[in-house]
Amino acid sequence: MSLPIAQDPDRLRTALDQLAGLAFTKGHGTGNDFILVPDLSGETELAPDHVEALCDRHFGVGADGLIRVVESTHLIEGRDLLEDHPEATWFMDYRNADGSVSEMCGNGVRVFVHYLATRGLVDLEVGQQLPIGTRAGLRTVTRIGEEQYSIDMGPWSYIDPELAEERASDSLVLAAGLADPRPALSISMGNPHTVVALAENADLAELDLAKQPNVEPVPPNGTNVEFVVAADPLFLNGVGRLDLRVHERGVGETLSCGTGACAAATAVRIWAGDRDALTWEVGVPGGTVGVEFIPQADGTERVILSGPATFVFDGTVA
(Lines give C-alpha, C1' and ligand atoms only; values in the text may rest on other atoms or scores of the structure.)
Protein backbone atom coordinates (compact mmCIF):
# COMPACT_ATOMS: atom_id res chain seq x y z
CA MET A 1 0.00 0.00 0.00
CA SER A 2 1.50 3.33 -1.05
CA LEU A 3 1.79 6.34 1.23
CA PRO A 4 -0.71 9.20 0.90
CA ILE A 5 0.65 11.58 -1.70
CA ALA A 6 1.18 14.33 0.91
CA GLN A 7 3.78 12.05 2.55
CA ASP A 8 5.58 11.42 -0.75
CA PRO A 9 6.87 14.82 -1.97
CA ASP A 10 8.49 13.43 -5.14
CA ARG A 11 5.30 11.73 -6.24
CA LEU A 12 3.23 14.82 -5.44
CA ARG A 13 5.55 17.16 -7.35
CA THR A 14 5.59 14.80 -10.34
CA ALA A 15 1.78 14.73 -10.40
CA LEU A 16 1.52 18.53 -10.27
CA ASP A 17 4.24 18.96 -12.92
CA GLN A 18 2.24 16.71 -15.25
CA LEU A 19 -0.74 19.04 -14.83
CA ALA A 20 1.13 22.31 -15.49
CA GLY A 21 -1.09 24.74 -17.36
CA LEU A 22 -4.33 22.96 -16.37
CA ALA A 23 -7.17 25.47 -15.84
CA PHE A 24 -9.59 24.93 -12.97
CA THR A 25 -12.30 26.60 -10.89
CA LYS A 26 -12.73 26.24 -7.13
CA GLY A 27 -16.32 26.12 -5.90
CA HIS A 28 -18.40 24.85 -2.99
CA GLY A 29 -21.90 23.95 -1.88
CA THR A 30 -22.42 24.78 1.83
CA GLY A 31 -18.69 24.37 2.41
CA ASN A 32 -18.35 21.04 0.60
CA ASP A 33 -15.65 22.18 -1.84
CA PHE A 34 -14.60 21.02 -5.28
CA ILE A 35 -12.07 21.60 -8.02
CA LEU A 36 -13.83 21.79 -11.39
CA VAL A 37 -11.71 20.93 -14.42
CA PRO A 38 -13.18 21.81 -17.82
CA ASP A 39 -12.45 18.93 -20.21
CA LEU A 40 -15.36 19.22 -22.60
CA SER A 41 -13.94 16.83 -25.22
CA GLY A 42 -12.55 14.29 -22.75
CA GLU A 43 -8.90 14.84 -23.68
CA THR A 44 -7.42 15.29 -20.18
CA GLU A 45 -6.28 12.16 -18.38
CA LEU A 46 -6.68 12.53 -14.63
CA ALA A 47 -5.04 9.67 -12.77
CA PRO A 48 -5.68 9.12 -9.03
CA ASP A 49 -2.31 10.78 -8.23
CA HIS A 50 -3.37 13.89 -10.17
CA VAL A 51 -6.64 14.16 -8.26
CA GLU A 52 -5.03 13.51 -4.89
CA ALA A 53 -2.31 16.11 -5.53
CA LEU A 54 -4.77 18.79 -6.63
CA CYS A 55 -7.11 18.12 -3.68
CA ASP A 56 -4.30 18.16 -1.09
CA ARG A 57 -4.91 21.13 1.22
CA HIS A 58 -1.25 21.80 1.96
CA PHE A 59 0.53 21.29 -1.36
CA GLY A 60 -2.29 21.48 -3.91
CA VAL A 61 -5.41 23.59 -4.45
CA GLY A 62 -7.34 21.86 -1.67
CA ALA A 63 -10.81 20.31 -1.99
CA ASP A 64 -13.09 17.50 -0.87
CA GLY A 65 -13.29 16.26 -4.44
CA LEU A 66 -12.69 16.94 -8.12
CA ILE A 67 -15.30 17.27 -10.87
CA ARG A 68 -14.30 16.84 -14.49
CA VAL A 69 -16.71 18.79 -16.72
CA VAL A 70 -17.10 16.60 -19.81
CA GLU A 71 -19.64 15.85 -22.51
CA SER A 72 -21.28 12.48 -21.92
CA THR A 73 -20.26 11.10 -25.28
CA HIS A 74 -16.57 11.18 -24.31
CA LEU A 75 -16.63 8.55 -21.57
CA ILE A 76 -17.99 5.01 -21.33
CA GLU A 77 -20.45 5.66 -18.49
CA GLY A 78 -21.77 8.71 -20.33
CA ARG A 79 -22.32 6.83 -23.57
CA ASP A 80 -24.13 4.06 -21.71
CA LEU A 81 -26.44 6.61 -20.09
CA LEU A 82 -27.12 8.34 -23.41
CA GLU A 83 -28.66 5.13 -24.78
CA ASP A 84 -31.66 5.60 -22.46
CA HIS A 85 -31.34 9.35 -21.82
CA PRO A 86 -30.11 11.14 -24.95
CA GLU A 87 -30.94 14.46 -23.27
CA ALA A 88 -28.13 13.97 -20.70
CA THR A 89 -25.43 15.55 -22.86
CA TRP A 90 -23.24 16.58 -19.89
CA PHE A 91 -21.61 14.20 -17.41
CA MET A 92 -20.34 14.94 -13.90
CA ASP A 93 -17.16 12.85 -13.65
CA TYR A 94 -16.66 12.97 -9.86
CA ARG A 95 -13.60 11.82 -7.90
CA ASN A 96 -13.05 11.77 -4.14
CA ALA A 97 -10.06 13.61 -2.69
CA ASP A 98 -8.06 10.37 -2.48
CA GLY A 99 -8.42 9.89 -6.24
CA SER A 100 -11.08 7.18 -6.05
CA VAL A 101 -14.08 7.35 -8.37
CA SER A 102 -17.47 8.07 -6.78
CA GLU A 103 -21.00 7.54 -8.01
CA MET A 104 -22.09 11.13 -7.50
CA CYS A 105 -22.25 14.02 -5.01
CA GLY A 106 -25.35 16.05 -4.21
CA ASN A 107 -23.52 19.29 -3.40
CA GLY A 108 -21.20 18.70 -6.34
CA VAL A 109 -24.12 18.41 -8.75
CA ARG A 110 -25.26 21.93 -7.86
CA VAL A 111 -21.76 23.36 -8.33
CA PHE A 112 -21.34 21.43 -11.59
CA VAL A 113 -24.57 22.80 -13.07
CA HIS A 114 -23.76 26.32 -11.81
CA TYR A 115 -20.50 26.05 -13.75
CA LEU A 116 -22.31 25.01 -16.94
CA ALA A 117 -24.86 27.81 -16.55
CA THR A 118 -22.45 30.63 -15.72
CA ARG A 119 -19.78 29.70 -18.25
CA GLY A 120 -22.21 29.77 -21.17
CA LEU A 121 -22.12 26.01 -21.75
CA VAL A 122 -25.90 25.72 -21.25
CA ASP A 123 -28.80 28.17 -21.25
CA LEU A 124 -30.45 27.73 -17.84
CA GLU A 125 -32.67 30.49 -16.52
CA VAL A 126 -34.37 30.48 -13.12
CA GLY A 127 -37.19 27.93 -13.25
CA GLN A 128 -35.59 25.85 -16.01
CA GLN A 129 -34.35 22.27 -15.71
CA LEU A 130 -31.22 20.50 -16.93
CA PRO A 131 -30.69 16.71 -17.08
CA ILE A 132 -27.14 15.57 -16.41
CA GLY A 133 -25.36 12.23 -16.25
CA THR A 134 -23.70 10.76 -13.17
CA ARG A 135 -22.43 7.29 -12.30
CA ALA A 136 -25.57 6.95 -10.15
CA GLY A 137 -27.73 7.61 -13.23
CA LEU A 138 -29.66 10.59 -14.56
CA ARG A 139 -30.11 13.62 -12.31
CA THR A 140 -32.43 16.51 -13.19
CA VAL A 141 -31.42 19.90 -11.78
CA THR A 142 -33.68 22.96 -11.52
CA ARG A 143 -32.30 26.47 -11.16
CA ILE A 144 -34.38 28.03 -8.39
CA GLY A 145 -32.35 31.22 -7.88
CA GLU A 146 -29.23 33.04 -9.02
CA GLU A 147 -26.97 30.68 -7.05
CA GLN A 148 -29.61 28.21 -5.85
CA TYR A 149 -30.46 24.82 -7.34
CA SER A 150 -32.63 21.81 -6.55
CA ILE A 151 -31.83 18.29 -7.69
CA ASP A 152 -34.11 15.34 -8.24
CA MET A 153 -31.95 12.71 -6.55
CA GLY A 154 -34.20 9.83 -7.56
CA PRO A 155 -35.58 7.32 -5.07
CA TRP A 156 -33.89 6.34 -1.82
CA SER A 157 -33.58 2.70 -0.89
CA TYR A 158 -32.36 0.49 1.95
CA ILE A 159 -28.95 -1.11 1.57
CA ASP A 160 -30.10 -4.09 3.70
CA PRO A 161 -33.91 -4.11 3.30
CA GLU A 162 -34.57 -7.16 5.50
CA LEU A 163 -32.78 -5.85 8.60
CA ALA A 164 -33.93 -2.28 7.99
CA GLU A 165 -37.59 -3.28 7.87
CA GLU A 166 -37.25 -5.55 10.91
CA ARG A 167 -35.15 -3.36 13.23
CA ALA A 168 -34.80 0.11 11.61
CA SER A 169 -31.06 -0.58 11.84
CA ASP A 170 -28.64 -2.86 10.04
CA SER A 171 -25.21 -2.19 11.52
CA LEU A 172 -23.18 -0.87 14.46
CA VAL A 173 -20.91 2.17 14.25
CA LEU A 174 -18.09 3.17 16.57
CA ALA A 175 -16.38 6.54 16.16
CA ALA A 176 -13.73 8.42 18.12
CA GLY A 177 -15.65 10.30 20.80
CA LEU A 178 -18.24 7.55 21.36
CA ALA A 179 -17.80 5.16 24.29
CA ASP A 180 -19.79 2.34 22.71
CA PRO A 181 -20.94 1.26 19.23
CA ARG A 182 -24.26 2.77 18.15
CA PRO A 183 -26.97 1.19 15.98
CA ALA A 184 -27.17 2.63 12.49
CA LEU A 185 -29.33 2.49 9.38
CA SER A 186 -27.82 2.30 5.89
CA ILE A 187 -29.51 4.19 3.05
CA SER A 188 -28.60 4.33 -0.63
CA MET A 189 -28.94 7.62 -2.48
CA GLY A 190 -27.13 6.19 -5.50
CA ASN A 191 -24.13 6.13 -3.17
CA PRO A 192 -24.01 4.43 0.26
CA HIS A 193 -24.70 6.10 3.61
CA THR A 194 -24.86 4.81 7.17
CA VAL A 195 -26.78 7.06 9.59
CA VAL A 196 -26.31 7.14 13.37
CA ALA A 197 -28.63 8.97 15.79
CA LEU A 198 -27.15 10.89 18.75
CA ALA A 199 -29.08 12.44 21.63
CA GLU A 200 -27.48 15.86 22.01
CA ASN A 201 -25.57 18.45 19.98
CA ALA A 202 -22.83 18.15 22.61
CA ASP A 203 -22.42 14.49 21.58
CA LEU A 204 -22.15 15.62 17.98
CA ALA A 205 -19.50 18.20 18.83
CA GLU A 206 -17.35 15.70 20.72
CA LEU A 207 -16.86 13.37 17.74
CA ASP A 208 -13.45 13.16 16.07
CA LEU A 209 -14.33 12.51 12.45
CA ALA A 210 -10.79 12.94 11.17
CA LYS A 211 -10.61 9.23 11.94
CA GLN A 212 -12.71 6.84 9.89
CA PRO A 213 -15.62 5.40 11.90
CA ASN A 214 -15.79 1.63 12.18
CA VAL A 215 -18.94 0.19 10.57
CA GLU A 216 -19.93 -3.46 11.13
CA PRO A 217 -20.93 -4.84 8.74
CA VAL A 218 -19.69 -2.31 6.20
CA PRO A 219 -21.65 -2.14 2.90
CA PRO A 220 -19.92 -3.79 -0.09
CA ASN A 221 -18.61 -0.53 -1.59
CA GLY A 222 -17.81 1.17 1.70
CA THR A 223 -19.99 3.91 3.11
CA ASN A 224 -20.28 7.53 4.14
CA VAL A 225 -21.22 7.88 7.81
CA GLU A 226 -23.64 10.54 9.09
CA PHE A 227 -24.16 11.37 12.76
CA VAL A 228 -27.44 13.18 13.36
CA VAL A 229 -29.23 15.00 16.15
CA ALA A 230 -32.94 15.67 15.73
CA ALA A 231 -34.21 19.10 16.74
CA ASP A 232 -36.50 19.54 19.73
CA PRO A 233 -39.25 19.90 18.72
CA LEU A 234 -38.57 17.80 15.64
CA PHE A 235 -41.11 19.72 13.54
CA LEU A 236 -41.56 23.47 13.30
CA ASN A 237 -44.37 24.78 11.07
CA GLY A 238 -44.56 21.35 9.46
CA VAL A 239 -40.85 21.21 8.59
CA GLY A 240 -38.62 18.53 10.09
CA ARG A 241 -35.24 19.68 11.40
CA LEU A 242 -31.96 17.96 12.18
CA ASP A 243 -28.23 18.66 12.38
CA LEU A 244 -25.49 16.39 11.11
CA ARG A 245 -21.78 15.82 10.76
CA VAL A 246 -20.37 13.44 8.18
CA HIS A 247 -17.29 11.38 7.43
CA GLU A 248 -17.12 10.81 3.68
CA ARG A 249 -15.33 7.75 2.33
CA GLY A 250 -12.13 8.67 0.55
CA VAL A 251 -12.20 12.19 2.00
CA GLY A 252 -12.68 12.42 5.78
CA GLU A 253 -14.95 14.91 7.51
CA THR A 254 -16.53 17.48 5.20
CA LEU A 255 -18.55 20.60 6.00
CA SER A 256 -21.54 19.25 4.09
CA CYS A 257 -22.78 16.22 2.16
CA GLY A 258 -25.86 16.55 -0.04
CA THR A 259 -26.61 12.86 -0.48
CA GLY A 260 -25.81 12.44 3.22
CA ALA A 261 -28.40 15.06 4.14
CA CYS A 262 -30.98 13.15 2.10
CA ALA A 263 -30.03 9.86 3.74
CA ALA A 264 -30.09 11.42 7.22
CA ALA A 265 -33.55 12.93 6.74
CA THR A 266 -34.76 9.56 5.43
CA ALA A 267 -33.45 7.73 8.49
CA VAL A 268 -34.89 10.23 10.98
CA ARG A 269 -38.32 9.99 9.31
CA ILE A 270 -38.20 6.22 9.67
CA TRP A 271 -37.12 6.36 13.33
CA ALA A 272 -39.78 8.99 14.09
CA GLY A 273 -42.45 6.82 12.45
CA ASP A 274 -43.75 9.80 10.48
CA ARG A 275 -43.60 9.12 6.76
CA ASP A 276 -46.03 12.00 6.17
CA ALA A 277 -43.30 14.50 7.05
CA LEU A 278 -42.16 15.45 3.57
CA THR A 279 -40.14 18.66 4.02
CA TRP A 280 -36.89 18.91 6.00
CA GLU A 281 -34.17 21.40 6.84
CA VAL A 282 -30.78 19.83 7.46
CA GLY A 283 -28.12 21.83 9.26
CA VAL A 284 -24.54 21.01 8.31
CA PRO A 285 -21.34 22.74 9.52
CA GLY A 286 -21.26 24.71 6.23
CA GLY A 287 -24.86 25.93 6.23
CA THR A 288 -28.33 24.52 5.56
CA VAL A 289 -29.78 22.39 2.77
CA GLY A 290 -33.37 21.45 2.04
CA VAL A 291 -34.70 17.92 1.53
CA GLU A 292 -38.16 17.08 0.20
CA PHE A 293 -39.79 13.68 -0.32
CA ILE A 294 -42.21 13.08 -3.19
CA PRO A 295 -44.25 9.87 -2.89
CA GLN A 296 -44.62 7.82 -6.09
CA ALA A 297 -47.42 5.55 -7.26
CA ASP A 298 -45.18 2.48 -6.92
CA GLY A 299 -44.57 3.13 -3.22
CA THR A 300 -41.10 4.62 -3.63
CA GLU A 301 -40.20 8.22 -2.82
CA ARG A 302 -38.15 10.58 -4.94
CA VAL A 303 -35.89 12.90 -2.96
CA ILE A 304 -35.31 16.55 -3.88
CA LEU A 305 -32.18 18.26 -2.54
CA SER A 306 -31.89 22.06 -2.62
CA GLY A 307 -29.16 24.50 -1.68
CA PRO A 308 -26.58 27.03 -2.90
CA ALA A 309 -23.64 26.80 -5.29
CA THR A 310 -20.76 29.28 -5.05
CA PHE A 311 -17.47 29.87 -6.86
CA VAL A 312 -14.35 30.89 -4.96
CA PHE A 313 -11.71 31.52 -7.66
CA ASP A 314 -10.31 30.45 -11.02
CA GLY A 315 -6.74 29.31 -11.40
CA THR A 316 -4.10 27.49 -13.45
CA VAL A 317 -1.71 24.83 -12.19
CA ALA A 318 1.77 26.34 -12.21
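Residues are numbered from 1 along each chain as its sequence is written, and side-chain values use heavy atoms, with hydrogens and water left out. Because the model is predicted, local features need pLDDT of at least 70 and side-chain atom pairs count only at pLDDT 80 or more, whereas totals for chains, interfaces and linings use all residues.

Helices (H or I, at least four residues) and strands (E, at least two) are DSSP runs, numbered from the N terminus, and two strands are said to pair if DSSP finds at least two bridges between them. Strand 1 (residues 23–29) and strand 2 (residues 32–38) run antiparallel and are joined by five bridges, with Gly-29 standing opposite Asn-32 of strand 2. In the hairpin that these strands form, two residues lie between the strands, and Thr-30 takes a positive phi near 45 degrees. Strand 2 also pairs with strand 3 (residues 65–71), in the parallel sense and over five bridges, and there Phe-34 has Gly-65 in strand 3 as its bridge partner. Six of the seven residues of strand 2 are buried, where buried means under 20% relative accessible area, exposed over 50%, and partly exposed in between (1.4 Å probe, protein chains only).

A salt bridge is counted when a side-chain nitrogen of Lys or Arg lies within 4 Å of a carboxyl oxygen of Asp or Glu, and by this rule the count comes to 20. One of them joins the side chains of Asp-49 and Arg-11, at 2.9 Å from N to O; since Asp-49 lies in helix 2 and Arg-11 in helix 1 (residues 9–18), the pair ties together parts that are 38 residues apart in sequence. In another, Asp-64 and Arg-57 have their closest N and O atoms 2.9 Å apart; Asp-64 is buried at 5% relative accessibility, whereas Arg-57 is partly exposed, with a relative accessible area of 49%. A network of salt bridges links Asp-39, Arg-68, Glu-77, Asp-93, Arg-95 and Arg-135.

Arg-143, found in strand 6 (residues 137–145), is buried, with a relative accessible area of 8%. A polar atom of the Arg-143 side chain lies 2.9 Å from the backbone oxygen of Glu-146. With contact taken as heavy atoms within 4.5 Å, and residues up to four places away in sequence not counted, Arg-143 touches several residues, including His-114, Leu-124, Glu-125 and Tyr-149.

Notes:
Polar contact = N/O pair within 3.5 Å; in protein donor to acceptor, adjacent residues only side chain to side chain.
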